[in-house]
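Please consult the sequence and structure shown here while reading.

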Amino acid sequence: MQNHTAAGSAGVNAAVNIEDIMQQVAEHKGCGTSGGSGKASCGSGAGENDLPPEIWEKVKNHPCYSEEAHHHYARMHVAVAPACNIQCNYCNRKYDCANESRPGVVSEKLTPEQAAKKVLAVASTIPQMTVLGIAGPGDPLANPEKTFKTFELIAKTAPDIKLCVSTNGLALPDHVERLSQYNIDHVTITINMIDPEVGAKIYPWIYYNKKRYTGVEAAKILTDRQLQGLEMLTERGILSKINSVMIPGINDQHLVEVNKAVKSRGAFLHNIMPLISAPEHGTVFGLTGQRGPTAQELKALQDQCEGEMNMMRHCRQCRADAVGLLGEDRSAEFTTDKIMEMEVNYDLDARKAYQEAVEKERQAVVAAKQEELQTLAGAHSDIKMLIAVATKGGGKVNEHFGHATEFQIYELSTSGAKFVGHRRVDLYCQGGYGEEDTLGTVIRAINDCHAVFVAKIGGCPKNDLKTAGIDPVDQYAGQFIEQSAIAYFREYLEKVAAGEIEHVVKGDAEIRQGALIAA
Ligand code: CLF
Ligand code: SF4
């Protein structure tokens, strides 16, 4: 019963030589559209021309493995895995796994059968939902029977959905074979250290082979198992993504070593995420006042590692029961009560047709960007700047300033517009009126940006943004983000060259911990 064929992944696990694939990836240097040359510009922003066809096939509609895809395709998680086999100092067990989900909301735990029903209900309602991930609320591989039973049910009933799993890696070597048999193409391992001395500051204990280990001994076992698991995945041609939580003063600079270690073992993508830490979470780090990184600190580390391998910058640290596009949360529409009453109409052809339309739109986004990029050809300037964009998805500037709960951040340079992150914010518009206190927090969250692109904005926030040195731009309402951003940047350079404006370097910004909890 284990020879399932999930469409899009059928057969791809067989006899893949990862060294060949890595070599092919390294030889692809066609990432000129997203800035600079060669590998450093690829990242999860790599497009169809940047990757070998078999890799592109695996990542093209996975919203986490492809930055481009995340504007168009959705994922969902089912919370079938409550137990965990380690303790992280950034986790409080009553919350979802902080490796793959933000703390603060307790999930409804599901049985595999309930999970399968939920997947069908979501797939029928959201045709662009292409990936099912199991990411907690504990560790999926510490709950192997529930995890694999769920995968088995989904592979049978919804064969076009990609299966994805996220783990702390302790139990991974015991399950790689089974993951391979189930055609699971995407595995995330959270690796925060390769030095057990560092690990002892992050993990107070692990539970392994029916025994509890603590301190450096525990961290040594964990790192050995994580790296062994990664090598085993690579040998089988399963794409692996490494999530690392950046903890200033504990593992921040050490993550450069982690990056090299995972790259040399064949990891496809590295996702360095900021620590989410506040006293109200009740975590060890929250209670000891361990801070998370600032926006500039996070970006600097991601930039430093990007020269080495593909970096993911669009992770939303989502919940273990998240549903929808990354950055939106539709889980409340699919509670157990609601899905049990829903009439499920899983129509594979309708899903295919919808996704073909999405692909056309996506190609239009890429073509528009390429065309606009031509206008920067030959431009020479060292100026780099960030802009914030209010978007509901589809790669367009299509959200009102007051309705945005996050802004996407793009870095503009003569190489083009490159997605470099996102910032969660509290909602400014509170049912018809703007909240002044909130505006201050929004400005602090995008304070490193020169401009904010919106579909619409009121006079009051406009003035406050201008005072803060952030240009409110609504002239690109409804248009493609990257095309608009490149056009804006070209005009900006022209104004600087004409002496109409002076380019100033902006300051740092806050990563909004409160917004992550409240949203
Ligand atoms: Fe889920 Fe993770 Fe699969 Fe994505 S999430 S199991 S790889 S389908 Fe994605 Fe969410 Fe970030 Fe995870 S945005 S927390 S990286
Ligand atoms: Fe919490 Fe996840 Fe760490 Fe387990 S692996 S302790 S669930 S953050």
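Glutamate 152 is buried, with a relative accessible area of 15%; buried means under 20% relative accessible area, exposed over 50%, and partly exposed in between (1.4 Å probe, protein chains only). Its salt-bridge partner is lysine 156, at 3.6 Å from N to O, and lysine 156 is partly exposed at 46%. A salt bridge is here a side-chain nitrogen of Lys or Arg within 4 Å of a carboxyl oxygen of Asp or Glu. Helices (H or I, at least four residues) and strands (E, at least two) are DSSP runs, numbered from the N terminus.

## Basis of the model

This is a predicted model, in which local features need pLDDT of at least 70 and side-chain atom pairs count only at pLDDT 80 or more, while totals for chains, interfaces and linings use all residues. Residues are numbered from 1 along each chain as its sequence is written, chains are lettered from A and ligands numbered from 1 in the order in which they are written, and side-chain values use heavy atoms, with hydrogens and water left out.

## Other salt bridges

The count of salt bridges comes to 24. Side chains of opposite charge can pair when their charged atoms come close. Lysine 60 is joined to glutamate 57, with the closest N and O atoms 3.5 Å apart; lysine 60 is partly exposed at 24% relative accessible area, and glutamate 57 is partly exposed at 35%.

Glutamate 235 and arginine 236 also meet in a salt bridge, at 3.8 Å from N to O, and glutamate 235 is exposed at 57% relative accessibility. A network of salt bridges links Lys299, Asp303, Glu306, Arg313, Glu411 and Lys418.

## Nonpolar cores

A nonpolar core is a set of buried Ala, Val, Leu, Ile, Met, Phe, Trp, Tyr and Cys residues joined through side-chain atoms within 4.5 Å. The largest such core has 61 residues, of which Val78, Met129, Leu132, Phe151, Ile184 and Val187 touch the most other members. Helix H3 (residues 112-125) gives the most to this core, with seven residues. A second, separate core has 34 residues, including Ile55, Met193, Val245 and Ile250.

Beyond its neighbours within four places in sequence, valine 78 has contacts (heavy atoms within 4.5 Å) with residues including Leu110, Ala115, Val119, Leu132, Ile134 and Ala320.

## Cysteines

The whole structure contains zero disulfides, a disulfide being a pair of cysteine sulfur atoms within 2.5 Å. Cysteine 64 is buried at 16% relative accessible area, and cysteine 315 is buried at 15%.

## Loops and backbone geometry

Most residues other than glycine have a negative phi, and most peptide bonds are trans. The peptide bond from glycine 136 to proline 137 is cis, with omega near 15°; proline 137 lies in the loop between strand S3 (129-134) and H4. Asparagine 183 has a positive phi, near 60°, in the loop between helix H5 (172-181) and strand S5 (186-190), and is buried at 9% relative accessible area. Glutamine 317 has a positive phi near 45°; this residue is in the loop between S10 and strand S11 (323-325) and is buried at 7%.

Asparagine 310 occupies the loop between helix H10 (295-306) and strand S10 (311-312) and is buried at 5% relative accessible area. A polar atom of the asparagine 310 side chain lies 2.9 Å from the backbone oxygen of phenylalanine 268.

Key:
Polar contact = N/O pair within 3.5 Å; in protein donor to acceptor, adjacent residues only side chain to side chain.
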